Protein chains: 2
Amino acid sequence: VENNVADKHECIFCEILNGRSAASVVYRDEHCIAILDAFPLTRGHLLVIPQQHQQHIEELPEETVSYLFAMASRFSSALRLGGESNATAVLLNNGKAANQHVPHVHLHVIPRRDGDTAMMVWRYVTRFINPWSYIGRSKRLSRQAARWQELLKPE
Amino acid sequence: VENNVADKHECIFCEILNGRSAASVVYRDEHCIAILDAFPLTRGHLLVIPQQHQQHIEELPEETVSYLFAMASRFSSALRLGGESNATAVLLNNGKAANQHVPHVHLHVIPRRDGDTAMMVWRYVTRFINPWSYIGRSKRLSRQAARWQELLKPE
């Protein structure tokens with residue numbers, strides 16, 4: 001796996017991939033890692049991140065693109081069938097102007113539940129500035145990660 | 001290509017695929033169609049729709065899933081390189097609770113431009129109820145479709 005940039009710049013996802021920063025890891029293989037978003041839009045909001053550092057999706061090899069979306073689709077299915085969400089949103093913000101905060105490709109898998117739209121929009125607006133979101137966060141994310149690991153385990 | 005449901009229920013995307021409803025078509029092949037969203041969140045908002053009717057992404061064959069996301073990625077790249085947007089969002093609302101309005105899989109490709117977040121959120125909230133959006137819409141979409149056809153043409 002090519003991971004050619006971690007030493008050349010600071011990228012929080014490369015740091016996490018290299019084990020130099022902590023994260024709530026839910027799934028990991030040689031192509032990608034799935035972690036819980038530290039600023040979730042809904043409970044259990046996941047990020048699927050390729051091992052290879054590129055900012056834009058079209059800079060990744062085609063098979064990596066396929067793999068990432070296949071994983072997102074698999075997670076989406078597992079969350080729905082596991083009764084954890086009625087639906088999911090799979091979102092790629094491809095570029096800075098699309099509010100891509102970390103310049104390393106990542107797919108959001110956002111569990112959706114009936115009637116959560118207003119809450120999600122509210123969290124979208126306040127996610128980085130809401131002090132309540134920091135209280136008990138690491139415990140909450142650890143519990144969530146343990147649950148999701150179970151649910152997203154390959155068959 | 002399997003398209004097994006158009007006669008069994010009313011699905012606006014099946015109607016469009018079968019030529020029974022009009023749409024601003026930007027691209028078409030044996031696996032998918034790309035049309036302009038009639039209620040765009042930003043200028044040039046595209047939908048990539050598989051020929052096969054399924055509500056959820058995990059109900060489609062894996063190779064169709066790959067193909068759809070590869071197309072979305074290609075369109076994203078073409079819009080960025082063509083200077084039409086600085087970035088794009090690729091979004092799949094997978095299930096009704098995720099605000100999937102049409103129960104036939106579709107990927108949104110939403111062109112993003114610097115500073116358009118507030119406008120996009122505003123349009124998200126008002127997209128179906130804003131009377132201005134209906135004025136001159138079909139002309140606007142036709143012009144847009146012609147431009148996008150040129151831009152998204154396969155090499």
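# Briefing: a predicted two-chain model

Gln144(B) counts as buried, at 12% relative accessibility (buried means under 20% relative accessible area, exposed over 50% and partly exposed in between, with a 1.4 Å probe and protein chains only). This is a predicted model, in which local features need pLDDT of at least 70 and side-chain atom pairs count only at pLDDT 80 or more, while totals for chains, interfaces and linings use all residues. Residues are numbered from 1 along each chain as its sequence is written, chains are lettered from A and ligands numbered from 1 in the order in which they are written, and side-chain values use heavy atoms, with hydrogens and water left out.

**Relation of the chains**

**Packing of H2 and H4 in chain A**

- Helix H2 (residues 62–81) and helix H4 (residues 137–152) of chain A pack at an angle of about 105°, and their axes are 9 Å apart.
- Helices (H or I, at least four residues) and strands (E, at least two) are DSSP runs numbered from the N terminus. Axes are lines fitted to C-alpha atoms, for helices over the stretch in contact, with angles from 0 to 180 degrees between N-to-C directions.
- H2(A) is therefore roughly perpendicular to H4(A) (65 to 115 degrees, with under 35 roughly parallel, over 145 roughly antiparallel and the rest oblique).
- On the H2(A) side the contact involves Arg74(A), Phe75(A), Ala78(A) and Leu79(A), which meet Trp148(A), Leu151(A) and Leu152(A) in H4(A).
- By class, the residues of this contact of H2(A) with H4(A) are six nonpolar, no polar and one charged (Ala, Val, Leu, Ile, Met, Phe, Trp, Tyr, Cys and Pro count as nonpolar, Asp, Glu, Lys and Arg as charged, and the others, Gly among them, as polar).

**Packing of H2 and H4 in chain B**

- H2(B) and H4(B) pack at about 105°, with their axes 9 Å apart.
- This makes H2(B) roughly perpendicular to H4(B).
- Arg74(B), Phe75(B), Ala78(B) and Leu79(B) of H2(B) make the contact with Trp148(B), Leu151(B) and Leu152(B) of H4(B).
- Six nonpolar, no polar and one charged is the division of the residues in the contact of H2(B) with H4(B).

**Salt bridges between the chains**

- Over all chains, the structure holds 14 salt bridges (a side-chain nitrogen of Lys or Arg within 4 Å of a carboxyl oxygen of Asp or Glu).
- One of them is formed by the side chains of Arg80(B) and Glu59(A), at 3.9 Å from N to O.
- Arg80(B) lies in helix H2 (residues 62–81) of chain B and Glu59(A) in the loop between strand S3 (46–50) and H2 of chain A, so the pair joins two chains.
- Glu59(A) is partly exposed, with a relative accessible area of 35%.
- The side chains of Glu58(B) and Arg80(A) also meet in a salt bridge, at 2.7 Å from N to O.
- This pair crosses between chains, with Glu58(B) in the loop between strand S3 (46–50) and H2 of chain B and Arg80(A) in helix H2 of chain A.
- Glu58(B) counts as partly exposed at 22% relative accessibility, whereas Arg80(A) is buried, with a relative accessible area of 19%.

**Salt bridges within a chain**

- Glu84(B) forms a salt bridge with Arg43(B), and their closest N and O atoms are 3.7 Å apart.
- The pair links distant parts of chain B, 41 residues apart: Glu84(B) is in the loop between H2 and strand S4 (87–94), and Arg43(B) is in the loop between strand S2 (32–36) and S3.
- Glu84(B) is buried, with a relative accessible area of 12%, whereas Arg43(B) counts as partly exposed at 44% relative accessibility.
- In chain A, a network of salt bridges links Arg43(A), Glu84(A) and Arg147(A).

**Single residues**

- Gln144(B) is found in helix H4 (residues 137–152) of chain B.
- Not counting residues up to four places away in sequence, Gln144(B) touches Leu36(B), Arg43(B) and Gly44(B).
- Gly136(B) is found in the loop between helix H3 (117–126) and H4 of chain B, and is partly exposed, with a relative accessible area of 46%.
- The C-alpha atoms of Gly136(B) and Thr88(B) are separated by 25 Å, the two residues being 48 residues apart along the chain.
- Asn99(A) has a phi near 60°, a positive value in a residue other than glycine, and is placed in the loop between strand S4 (87–94) and strand S5 (107–112) of chain A.
- Phi of Asn99(B) is also positive, near 60°, and Asn99(B) is placed in the loop between S4 and strand S5 (107–112) of chain B.

Terms used: Contact = heavy atoms within 4.5 Å.
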